[in-house]
Each structure stands twice: as C-alpha cells, then as structure tokens.
Amino acid sequence: MAEDVLSERTEALVEEQPGRRHSGQTPAKTRMSAQLKKDEEAAISSLRSRRTRLADLGEAYTGADTHVAVDRATVAGGKATVQVTEQTTLTYKKLRGDEPATTDFRTRYELTLTSKRGGGWELTSIKSQDSGPVAINEPVAAKVNVVKDDGNQYPDGTPASTKYPAPAKPKAKTGGTYDYAAMAKYAEKYWSNYNPAYRKFNGAGGDCTNFISQALKAGGWKAVPGSTSDYRNWWYDGARQSDSWVGANEWAWFTLSNKRATNLASVYQTDVGDIVQVDFNKDGSKDHSMMVTYRSSAGMPYLTYHSTNTYRKSLASIIASYPDAVYYAYRT
C-alpha cells in the first residue's frame with residue numbers, strides 16, 4: 001500500500017511522456033479512507049505544481065524508482081501501525097548537460113490501517129517520521145525544532161538571496177587549508193549508511209548538523225575544545241560533543257565567531273564543501289543544515305544531507321518546496 005501511494009507521488013514529479021500514466025488518481029488496488037483519498041489527490045496536485053516550479057528553474061526528471069520496505073508492524077484490536085522506509089531515485093533530465101545522474105533519498109513513514117469486513121485493510125493515514133526538509137515527493141510542511149534566540153545576542157549571519165542565477169563567486173578548491181573534495185566524498189559516502197564511529201541524533205532534534213560537522217572534520221576542520229554549551233567551541237568525542245557540533249544555530253554562531261566561514265550574498269554562489277542553512281518558518285531560528293557536494297557548470301549547487309537522508313538534491317528543488325523560507329549560505 002505504501003509503495004503504491006508513494007510511487008504515485010513520485011510519478012507526479014516526472015516529466016510527462018507519451019504512454020506514462022499521470023491520472024491524478026491514487027491506485028485502485030490501494031484501499032483508503034475517504035479523507036486520505038482526498039488528501040492524496042490534493043498531494044498529487046501540489047506535487048505537479050512543484051514540478052512546474054522546478055521546470056521554471058531549469059530542472060526536470062525523466063524517470064523515477066520508488067521502493068518501500070516494512071520495518072515493523074503492530075496489530076491490535078482491528079488497528080495496525082506500520083513503520084516503513086522509502087528509498088527513491090529520481091533521474092535528472094540533461095537540460096544543461098552536466099547535471100548529476102540521479103538524486104536519491106531515504107525517508108521513514110508511519111502508516112495506520114483499519115481492518116474491514118472480509119479480511120481487508122483500509123489505509124487511514126501516512127505520516128513522515130523524519131525532520132528537516134520534506135522529501136521531494138512529500139507535499140506537507142517540514143517539522144521544525146525551535147531554539148530560543150533573541151536575534152541580538154548571537155552572530156546570526158546575513159540571509160542569502162535565492163534569486164537565480166547569482167553573480168559569480170569562484171572558490172579556490174585546492175591549495176588551501178581545507179580539502180573540499182574530501183568533505184564531499186565523506187558526505188556522499190555516508191548520506192544513507194551512517195558512519196558507526198559517530199552517534200546518531202535522529203531522535204534528538206535531527207542529525208543534519210552532526211552530519212555536516214563530520215564532513216567538515218573529514219576535510220580538515222580542527223576541533224576547538226572547551227565547555228559543551230559555549231558556542232565558540234566545536235568538538236566531538238566518544239561520549240559527548242559541543243552544542244555547536246549538533247545544533248544548527250550553535251554551529252552558525254561558532255562558524256561566524258571563529259571565522260571558519262563567511263556568509264555569501266546568494267545561495268547559488270555556494271560550491272563544493274559550502275553549507276546552506278534554512279529557517280523554514282522565519283522565526284529567527286535556523287532549522288536545517290546541508291552541504292554542497294556537487295556544482296554544475298551552469299551554477300546549480302546540489303546538496304547532500306541527513307534528516308531526511310538525501311543525495312545530490314538540487315538547491316532549486318529545495319527552494320521550489322520552500323519558496324518563503326529564509327536561507328543562509330556559508331563559504332567554508
């Protein structure tokens with residue numbers, strides 16, 4: 001059931017082609033409650049609008065592959081709760097010529113079902129279990145984790161423009177202090193299969209900043225020891241870590257106060273090893289961190305991140321999903 005529903009969502013993003021089914025209706029073999037069916041029809045419409053916004057930004061997909069694995073199921077009293085993991089690959093259309101081959105993501109959902117007469121089941125809800133940006137085929141708003149920030153006490157940085165294209169801001173990728181290729185290689189190695197040398201923070205506010213901190217360390221960022229709560233420190237050991245290692249706001253405060261990075265005027269100026277952060281609901285608190293692991297010659301950055309675990313998602317697709325969010329771009 002989950003694979004039917006999520007595959008239909010994914011297909012709504014794929015470029016129309018002769019013979020391809022885009023009925024706008026959820027599959028008949030998946031029995032849903034009346035409310036969920038209505039919600040899914042609205043979701044398909046929303047995703048088609050997203051596809052149009054992406055096309056306006058010069059991005060399209062020619063194919064998609066969605067698979068769902070059942071992780072756990074609990075059945076009691078005619079009700080079922082099922083945990084599943086979706087793995088989806090979308091194939092980029094070669095509009096400019098040097099787009100990556102694919103973008104991939106893995107995300108978790110919880111399904112609830114009700115038993116019906118005759119032994120069948122009816123799907124009543126399907127809810128994402130991940131924080132951070134929604135998967136590209138998920139139409140609902142992201143969950144956010146608010147960190148109290150008065151807007152004056154901390155080095156918050158300057159929001160970046162999201163207008164495309166942006167003025168050139170070339171980056172020296174070799175010969176400097178840091179190895180940006182190593183940062184990208186690390187992120188693309190562990191985007192889905194986590195490095196066992198580090199703890200996960202998926203259930204404690206999200207793993208996104210923990211993940212970029214690991215990648216930055218792999219590229220040469222040095223630890224700054226000290227108390228865990230002082231944002232001017234940045235470190236990780238086997239049992240603890242500084243707040244700046246795992247917190248999106250604290251990471252930004254550390255980075256700017258220690259001059260590890262500077263703010264860029266536009267998100268589209270970011271290059272390999274640079275960081276993009278997002279304040280989804282514009283409350284002054286940064287909610288998510290992502291690393292650029294590829295940049296096309298046309299100037300499109302592609303982001304890799306945790307929570308939702310994602311590989312080479314274009315910056316355009318993030319902005320198409322969250323056009324009203326506040327973005328921050330960091331040249332590392």
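**View 1. Lysine 282 lies in the loop between β6 and β7.** Helices (H or I, at least four residues) and strands (E, at least two) are DSSP runs, numbered from the N terminus. The model is predicted: local features need pLDDT of at least 70 and side-chain atom pairs count only at pLDDT 80 or more, while totals for chains, interfaces and linings use all residues. Residues are numbered from 1 along each chain as its sequence is written, and side-chain values use heavy atoms, with hydrogens and water left out. The phi of lysine 282 is near 55°, a positive value in a residue other than glycine. Most residues other than glycine have a negative phi, and most peptide bonds are trans. Lysine 282 counts as exposed because its relative accessibility is 52%. Buried means under 20% relative accessible area, exposed over 50%, and partly exposed in between (1.4 Å probe, protein chains only).

**View 2. Lysine 259 sits in the loop between α6 and β5.** Its phi is positive, about 55°, although lysine 259 is not a glycine. With a relative accessibility of 71%, lysine 259 counts as exposed. Helix α6 (residues 248-257), by contrast, is mostly covered, with nine of its 10 residues buried. Among the buried residues of α6 are Trp251, Trp253 and Phe254. The buried residues of this helix pack against α4, α5 (243-246), β5 (262-263), β6, β7 and β10.

**View 3. Tyrosine 330 belongs to strand β10.** Tyrosine 330 is buried, with a relative accessible area of 0%. Leaving aside neighbours within four places in sequence, tyrosine 330 is in contact (heavy atoms within 4.5 Å) with residues including Asp156, Trp251, Leu256, Asn263 and Lys286.

**View 4. Helix α3 (residues 180-190) packs with helix α4 (residues 208-218).** The angle is about 140° and the axes are 7 Å apart. That makes α3 oblique to α4. Angles under 35 degrees count as roughly parallel, over 145 as roughly antiparallel, 65 to 115 as roughly perpendicular and the rest as oblique. Axes are lines fitted to C-alpha atoms, for helices over the stretch in contact, and angles run from 0 to 180 degrees between N-to-C directions. The contact is made by Ala182, Met183, Tyr186, Ala187 and Tyr190 of α3 and by Phe211, Gln214, Ala215, Leu216 and Ala218 of α4. These residues divide into nine nonpolar, one polar and no charged. Ala, Val, Leu, Ile, Met, Phe, Trp, Tyr, Cys and Pro count as nonpolar, Asp, Glu, Lys and Arg as charged, and the others, Gly among them, as polar.

**View 5. The largest nonpolar core has 35 residues.** A nonpolar core is a set of buried Ala, Val, Leu, Ile, Met, Phe, Trp, Tyr and Cys residues joined through side-chain atoms within 4.5 Å. Val267, Leu303 and Tyr327 have the most contacts inside this core. Elements giving two or more residues to this core include α2 (34-56), β2 (79-92) and β8 (301-305). The largest share, five residues, comes from α7. A second, separate core of 28 residues includes Tyr190, Phe211, Leu216 and Leu256.

**View 6. A cis peptide bond joins tyrosine 164 and proline 165.** Omega of this bond is about -5°. Proline 165 lies in the loop between β4 (121-128) and α3. A cis peptide bond also joins serine 307 and threonine 308, with omega about -5°. Threonine 308 is in the loop between β8 and β9 (309-314).
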